[in-house]
Amino acid sequence: MLPLYYTVKGYGEEEITIQKSRFIAYVNRAETEEQAQAFIAEIKKKNWNATHNCSAYMIGETDHIQKANDDGEPSGTAGLPILEVLKKRGLKDTVVVVTRYFGGIKLGTGGLIRAYGKSASEGINAAKVAERRLMQVMKASIDYTWLGKVENELRSSIYEIKDIHYLDTVTVETFVEESQKEAFTAWITELTNGQAVITEGKQLYQEKIVDPS
């Protein structure tokens, strides 16, 4: 599992007009090639009467699956520029389809490359870029009398609460970086006068939206 990577938060859609042609970018997360192909097929079905439905996707920890499709546009002027945007933005597990409705004015090779690249980038901004950081989930089981204090302190700290389970005792799950496990444990122990039972949970990705780059 990668310690850190970037992808899109989820579905996004954005339309721009260039020289009377409509370019509509559709973006989504896809963790398998099958998911990417299903999304492309869905967009093609939705825009069955479009002039072109060009696409690209990058999948896998090492980006070992990379595909681009010009869908009838001159070779290298559509799918590849979309793929280059994914590479430039450093996005994994992401699929983009740019639908074009021709407006009557030819853009030329350079114009097409710029148009598809710009459309893909705008679509990614609409979908929002997410940073996914591998974190250790730490569980602190406490008596209900400690909940208010622990929750308040956590919410004003560097740590993010993942979940709170209310059973016989309260278990607070918190995202903690690997290097901070000992410091976190010591802090919660001191905060609760040694009353907290602290255990390690799973390693999971903590996801945060980042500004467009």
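User: What makes Glu14, Val98 and Tyr116 count among the residues that Phe23 touches?

Analyst: Contact requires heavy atoms within 4.5 Å. Leaving aside residues up to four places away in sequence, Phe23 touches Glu14, Glu15, Ile16, Ile18, Val98, Thr99, Arg100, Leu107, Ala115, Tyr116 and Ser119. The model is predicted, with local features needing pLDDT of at least 70, side-chain atom pairs counting only at pLDDT 80 or more, and totals for chains, interfaces and linings using all residues. Residues are numbered from 1 along each chain as its sequence is written, and side-chain values use heavy atoms, without hydrogens and water.

User: Why are α4 and α5 called oblique to each other?

Analyst: The axes, lines fitted to C-alpha atoms over the stretch in contact, are compared by the angle from 0 to 180 degrees between N-to-C directions. Angles under 35 degrees count as roughly parallel, over 145 as roughly antiparallel, 65 to 115 as roughly perpendicular, and the rest as oblique. The axes of α4 (residues 147-155) and α5 (residues 181-191) come within 11 Å and cross at roughly 140 degrees; the pair is therefore oblique.

User: Which residues of α4 and α5 meet, and what makes their contact six nonpolar, no polar and two charged?

Analyst: Lys149, Val150, Glu153 and Leu154 in α4 meet Phe184, Trp187, Ile188 and Leu191 in α5. Ala, Val, Leu, Ile, Met, Phe, Trp, Tyr, Cys and Pro count as nonpolar, Asp, Glu, Lys and Arg as charged, and the others, Gly among them, as polar. The contact accordingly divides into six nonpolar, no polar and two charged residues.

How values were computed. Helices (H or I, at least four residues) and strands (E, at least two) are DSSP runs, numbered from the N terminus.
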